[in-house]
Amino acid sequence: MADKDDVKEGKEFHINSPQKNKPFFLKGSGALDWGMQNRLAQIFNPKSGRTVMLAFDHGYFQGPTTGIERIDINIIPLIPYADVLMCTRGALRSVIPAHTNKPIVLRCSAGQSILTELSNETVAVDIEDTIRLNAAAMAAQVYIGAEYEHKSIANIIKLIDTGTRYGIPTLAVTGVGADMNRDLRYFSLATRMCAEIGAHYIKSYYFEPGFEKVVAACPVPIVIAGGKKLPEIEALEMAYMAIDQGAAGVDMGRNIFQSDSPIGMIQAVGLVVHKKEKPKHAFDFYKDIKADENNS
């Protein structure tokens with residue numbers, strides 16, 4: 001209980017200074033509740049408005065793919081350089097140190113493997129477990145145009161509804177099957193649909209031409225997937241072009257943990273995303289880190 005003795009009356013009310021309430025910095029998120037905005041502000045850097053997400057959730061359908069055979073050896077050293085960790089609850093509980101202070105985007109869809117139809121997923125994490133794990137957001141695939149399109153949309157709707165109840169945002173990940181064209185028509189449809197059903201931000205792919213039109217037509221932030229492993233300079237160029245055309249960040253996995261210098265690469269990506277460093281300069285930074293590692 002507060003001490004009742006020596007209570008002083010307030011004096012400095014700044015009557016002539018209107019109260020300030022800055023609008024939330026993130027696209028399409030101004031009407032969200034405080035808890036939702038707070039979690040999004042953990043994911044997206046308020047200064048740059050962008051994010052570098054480190055994705056290592058591939059094992060939920062690919063198994064121990066190259067670069068993440070040992071998460072404790074390959075991923076843990078990268079954590080200090082990431083803004084966000086994108087992973088499964090199994091990896092989080094079994095490997096990621098509990099003192100990690102990076103926000104977690106929790107992979108909440110599963111139910112298939114690379115040996116079966118990829119779009120046949122289900123919601124695999126209950127909202128109570130999401131809360132238990134202190135996740136900053138939940139993520140699930142949406143397979144527009146695939147065999148189980150309707151089921152994947154129902155999955156993301158369930159996450160959006162339950163997450164909204166507890167102030168936890170949902171990331172919709174646009175899945176692209178082998179028979180789908182990675183073009184303006186497809187991604188403008190997929191990203192807009194995800195936003196219209198209530199996803200708070202969307203993971204998509206960079207493509208040319210027309211990516212800037214997809215970003216403009218989507219009312220919530222888009223982060224790009226790294227996709228398959230590219231030469232480091234090409235991955236940095238892709239990130240730069242995406243940011244330059246309005247993307248709010250990247251969610252990269254293989255282009256980081258399969259690099260010859262993962263620590264150098266994730267920092268180079270950060271330079272491109274947050275400082276809009278030109279790809280060549282970021283690549284030179286990557287090469288310097290790689291050289292230092294080889295000489296140590």
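In the predicted model, Ile266 touches Val52, Leu54, Leu78, Tyr81, Ala82 and Ile256, leaving out residues up to four places away in sequence. Ile266 is placed in helix α11. With a relative accessible area of 1%, Ile266 is buried, because buried means under 20% relative accessible area. The C-alpha atom of Ile266 is 35 Å from that of Glu147, and the two residues are 119 apart in sequence.

Helix α11 covers residues 262-275, which is 14 residues. From its first C-alpha to its last, helix α11 reaches 19 Å, close to the 20 Å expected at 1.5 Å a residue. Besides Ile266, the buried residues of α11 include Gly264, Met265, Ala268, Val269 and Gly270. Leu271, Val272 and Val273 are also buried residues of α11. The buried residues of this helix pack against the strands β1 (51-55) and β10 (249-252). They also pack against the helices α9 (232-244), α10 (254-257) and α12 (279-295).

Helix α11 is followed by Lys276, which is found in the loop between α11 and α12. Phi of Lys276 is near 55 degrees, a positive value in a residue other than glycine. The relative accessibility of Lys276 is 42%, so Lys276 counts as partly exposed. A positive phi is also found at Asn134, where the angle is near 60 degrees, and this residue too is other than glycine. Asn134 lies in the loop between α5 (127-132) and β6 (137-142). At 63% relative accessibility, Asn134 counts as exposed, because exposed means over 50%. A further backbone feature is the peptide bond from Glu208 to Pro209, which is cis, with omega near -10 degrees. Pro209 lies in the loop between β8 (201-204) and α8 (211-217).

Helix α12 contains Phe285. Leaving aside residues up to four places away in sequence, Phe285 touches Gly264, Gln267, Ala268 and Leu271. Gly264, Ala268 and Leu271 are among the buried residues of α11. Phe285 itself counts as partly exposed, at 28% relative accessibility. The C-alpha atoms of Phe285 and Glu117 are separated by 41 Å, and these residues are 168 apart along the chain.

Strand β1 is one of the elements against which the buried residues of α11 pack, and Met53 lies in this strand. Met53 has a relative accessible area of 0% and is therefore buried. Its contacts, apart from neighbours within four places in sequence, include Val84, Met86, Val105, Leu171 and Tyr201. Met53 is also in contact with Val250, Asp251 and Met252.

Arg50 lies in the loop between α1 (34-43) and β1. The relative accessible area of Arg50 is 13%, so Arg50 is buried. Arg50 and Ala247 are 197 residues apart in sequence, while their C-alpha atoms are 8.1 Å apart in space.

For the protein as a whole, the secondary structure comes to twelve helices and ten strands. The radius of gyration is 21 Å, close to the 19 Å that the globule rule gives for 296 residues, so the protein is as compact as a globular protein of that length. Along the principal axes, the C-alpha atoms fill a box of roughly 70 × 50 × 40 Å. Of the 296 residues, 49% are buried. Among contacts between residues at least 6 apart in sequence, 66% join residues at least 24 apart. The accessible surface comes to about 15200 Å², and 50% of this surface belongs to carbon and sulfur atoms. The protein has 32 positive and 34 negative charges, and the mean positions of the two sets are 2 Å apart.

Note on methods. Residues numbered from 1 in each chain as written. Predicted model: local features only at pLDDT ≥ 70, side-chain atom pairs only at ≥ 80, totals over all residues. Heavy atoms only, no water. Helix = DSSP H or I, 4+ residues; strand = E, 2+ residues; numbered from the N terminus. Rg over C-alpha atoms; globule rule 2.2 N^0.38 Å. Buried < 20%, exposed > 50% of the residue type's maximum accessible area, 1.4 Å probe, protein only. Contact = heavy atoms within 4.5 Å. Areas by Shrake-Rupley, 256 points an atom, 1.4 Å probe, with all protein chains shown as cover. Lys, Arg positive; Asp, Glu negative; His and termini not counted. Charge placed at Lys NZ, Arg CZ, Asp CG, Glu CD. Expected span 1.5 Å × (residues − 1).
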